[in-house]
Amino acid sequence: MGRIYMTRHGETVWNAEGRIQGHTDIDLSPRGRTQAQALGQRLEDVDFDAVYSSDLIRARETADIIVEKKQVDLHTTERLREYHKGVFEGLTVSEYKTEFPELYVSSLVNDLDFAPTGGETIRETSARMAGFVSYLKQEHMNDTVLVVGHGGSLRSAVVAILDLPLEANWKLVMNNCALSIFDVYPDNSVMVLYNDSSHMKGQIN
């Protein structure tokens, strides 16, 4: 059996402003660093065999903070990036509703094949994340692994881990620096914990 600890990056200024990030490389805010520190404290007694992070700085910095006192290598990969949101990146919902009204209307429909111009569909993101999950199962079936990524693409990873239909992407949410845990077996995977942020209560306003 392997165990996957999974978390979304800490908050950024764009998160707080409601701006779409996608592949745009935005730093953690001071609040985001505090969130990562709180999760690091929660996981201080966990011995990770491997740590994987998106190569975008908000995820990479979150992972660095979580494991800064541990003797484990951090592997960064483009495969863990958020799904690309094309012309929506940098805009709030109200801004892209005004600037791209037709795309906005299309975005309201649960369509696996919709993408903003220049962006990536959920189906494409799900295939990318399924490939990464398959890699984890092949390389780390008996290991304890930390995965740090992004809200949208990690939802697709959860769908792959639990072998759910792709439509389950719209049934999930993942908050900044919340913790999810999955036990992985050769023929099954079990959700042990999902989107838990109890480590931040009383610490972050």
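**Figure 1. The loop between α7 and β5 holds D163.** This close-up comes from a predicted model. D163 follows helix α7 and has a positive phi, near 55 degrees. The residue is not a glycine. Most residues other than glycine have a negative phi. D163 is exposed, because its relative accessibility is 69%, over the 50% cut-off.

**Figure 2. C177 also lies in the loop between α7 and β5.** Its phi is positive too, near 60 degrees, and C177 is likewise not a glycine. Is C177 buried or exposed? With a relative accessibility of 0%, C177 counts as buried. D163, in the loop between α7 and β5, counts as exposed.

**Figure 3. Helices α6 and α7 pack at an angle of about 55 degrees.** Helix α6 spans residues 122-139 and helix α7 spans residues 151-161. Their axes are 8 Å apart. The two helices are therefore oblique to each other. The crossing of α6 past α7 is right-handed. On the α6 side, the contact is made by T125, S126, M129, A130, V133 and K137. On the α7 side, S153, S156, A157, A160 and I161 take part. By type, the residues of this contact are 6 nonpolar, 4 polar and 1 charged.

**Figure 4. T125 is a buried residue of helix α6.** Its relative accessibility is 1%, so T125 counts as buried. Which residues does T125 touch, not counting those up to four places away in sequence? They are Y83, E120, S153 and S156. S153 and S156 belong to the α7 side of the helix contact, and T125 to the α6 side.

**Figure 5. Helix α7 is largely enclosed by the rest of the structure.** The reason is burial: 9 of its 11 residues are buried. These are G151, G152, S153, L154, S156, A157, V158, V159 and I161. The cover over them includes strands β1, β4, β5 and β6 (188-196), together with helix α6.

**Figure 6. The largest nonpolar core has 22 residues.** In soluble globular proteins, nonpolar side chains tend to be buried together. I4, M6, Y52, L80, L136, V147 and L154 touch the most other members of this core. At least two residues each come from β1 (2-8), β2 (50-54), α6, β4 (144-149), α7 and β5 (179-185). Helix α7 supplies the largest share, with 5 residues.

**Figure 7. V147 is among the residues that touch the most other members of the largest core.** Neighbours within four places in sequence are left aside here. The contacts of V147 are then I4, Y5, M6, T7, Y52, L80, F132, L136 and L154. A second, separate core has 15 residues, including V51, A59, I66 and V67.

**Figure 8. Helix α3 (residues 57-66) is mostly covered.** Of its 10 residues, 7 are buried. The buried set is R58, A59, E61, T62, A63, I65 and I66. The buried residues of α3 pack against strands β1, β2, β3 (74-77) and β4, and against helix α2 (30-42).

Methods
Residues are numbered from 1 along each chain as its sequence is written. This is a predicted model: local features need pLDDT of at least 70, side-chain atom pairs count only at pLDDT 80 or more; totals for chains, interfaces and linings use all residues. Side-chain values use heavy atoms; hydrogens and water are left out. Axes are lines fitted to C-alpha atoms, for helices over the stretch in contact, and angles run from 0 to 180 degrees between N-to-C directions. Helices (H or I, at least four residues) and strands (E, at least two) are DSSP runs, numbered from the N terminus. Angles under 35 degrees count as roughly parallel, over 145 as roughly antiparallel, 65 to 115 as roughly perpendicular and the rest as oblique. A crossing is left-handed if the near helix is turned anticlockwise from the far one by less than a right angle, and right-handed if clockwise. Contact means heavy atoms within 4.5 Å. Ala, Val, Leu, Ile, Met, Phe, Trp, Tyr, Cys and Pro count as nonpolar, Asp, Glu, Lys and Arg as charged, and the others, Gly among them, as polar. A nonpolar core is a set of buried Ala, Val, Leu, Ile, Met, Phe, Trp, Tyr and Cys residues joined through side-chain atoms within 4.5 Å. Buried means under 20% relative accessible area, exposed over 50%, partly exposed in between (1.4 Å probe, protein chains only).
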